[in-house]
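The structure is shown first, and my entries follow.

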Amino acid sequence: MPDDVFKALSDPTRRTILDELTERNGQTLFEICARLSMKHGLGLSRQAVSQHLAVLEAAGLVTTRREGRYKFHNLTTEPLEQIVSRWLQPQEPETRK
């Protein structure tokens with residue numbers, strides 16, 4: 001799973017999508033496309049954004065839920081927490097002698 005996460009994070013567009021979901025979770029594909037276009041000047045097609053979201057979903061960084069004809073995308077930070085806990089151990093306070 002960490003390889004999928006690193007692959008997903010390697011693309012700047014996918015990182016921007018995650019930033020947008022951090023700012024406002026639970027967006028539809030249309031909302032994500034609009035925010036990428038308006039805020040970041042990214043003129044991606046809906047299909048391209050959908051493919052980026054599929055990579056993020058495969059890595060476990062995005063989950064989706066359907067309500068009627070809408071599909072909402074939510075950020076999931078658990079894979080990132082696993083990576084952080086793997087290399088960054090809590091530091092014990094230094095003792096003075």
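Entry 1. I began with Lys39, which is partly exposed, with a relative accessible area of 43%. I note that the model is a predicted one.

Entry 2. I looked up the partners of Lys39. Glu20 forms a salt bridge with Lys39, and their closest N and O atoms lie 3.2 Å apart. Glu20 sits in helix H2 (residues 12-23) and Lys39 in helix H3 (residues 29-40), so this pair ties together parts 19 residues apart in sequence. I then checked the cover of Glu20: at 3% relative accessibility, Glu20 counts as buried, because the cut-off for buried is under 20%.

Entry 3. Glu23 also forms a salt bridge with Lys39, with the closest N and O atoms 2.9 Å apart. This pair links distant parts of the chain, Glu23 in helix H2 and Lys39 in helix H3, 16 residues apart.

Entry 4. I turned to Arg35. Glu23 forms a salt bridge with Arg35, the closest N and O atoms being 2.9 Å apart. Here the linked parts, helix H2 with Glu23 and helix H3 with Arg35, are 12 residues apart. I found Glu23 exposed, at 55% relative accessible area, whereas Arg35 is buried, at 17%.

Entry 5. I recorded that Glu20, Glu23, Arg35 and Lys39 are linked in a network of salt bridges. The count of salt bridges comes to six.

Entry 6. Last, I looked at the surface. Phe6, Val84, Trp87 and Leu88 form a nonpolar patch there, with about 430 Å² of accessible area together. Val84 belongs to helix H5 (residues 78-87) and is partly exposed, with a relative accessible area of 43%.

Definitions and conventions:
Residues are numbered from 1 along each chain as its sequence is written. This is a predicted model: local features need pLDDT of at least 70, side-chain atom pairs count only at pLDDT 80 or more; totals for chains, interfaces and linings use all residues. Side-chain values use heavy atoms; hydrogens and water are left out. Patches are made of residues with over 30% relative accessible area and no salt bridge: like charges are joined within 9 Å, nonpolar side chains (Val, Leu, Ile, Met, Phe, Trp, Tyr) within 5 Å. Accessible areas come from the Shrake-Rupley method with a 1.4 Å probe; for residues, only the protein chains shown count as cover. A salt bridge is a side-chain nitrogen of Lys or Arg within 4 Å of a carboxyl oxygen of Asp or Glu. Helices (H or I, at least four residues) and strands (E, at least two) are DSSP runs, numbered from the N terminus. Buried means under 20% relative accessible area, exposed over 50%, partly exposed in between (1.4 Å probe, protein chains only).
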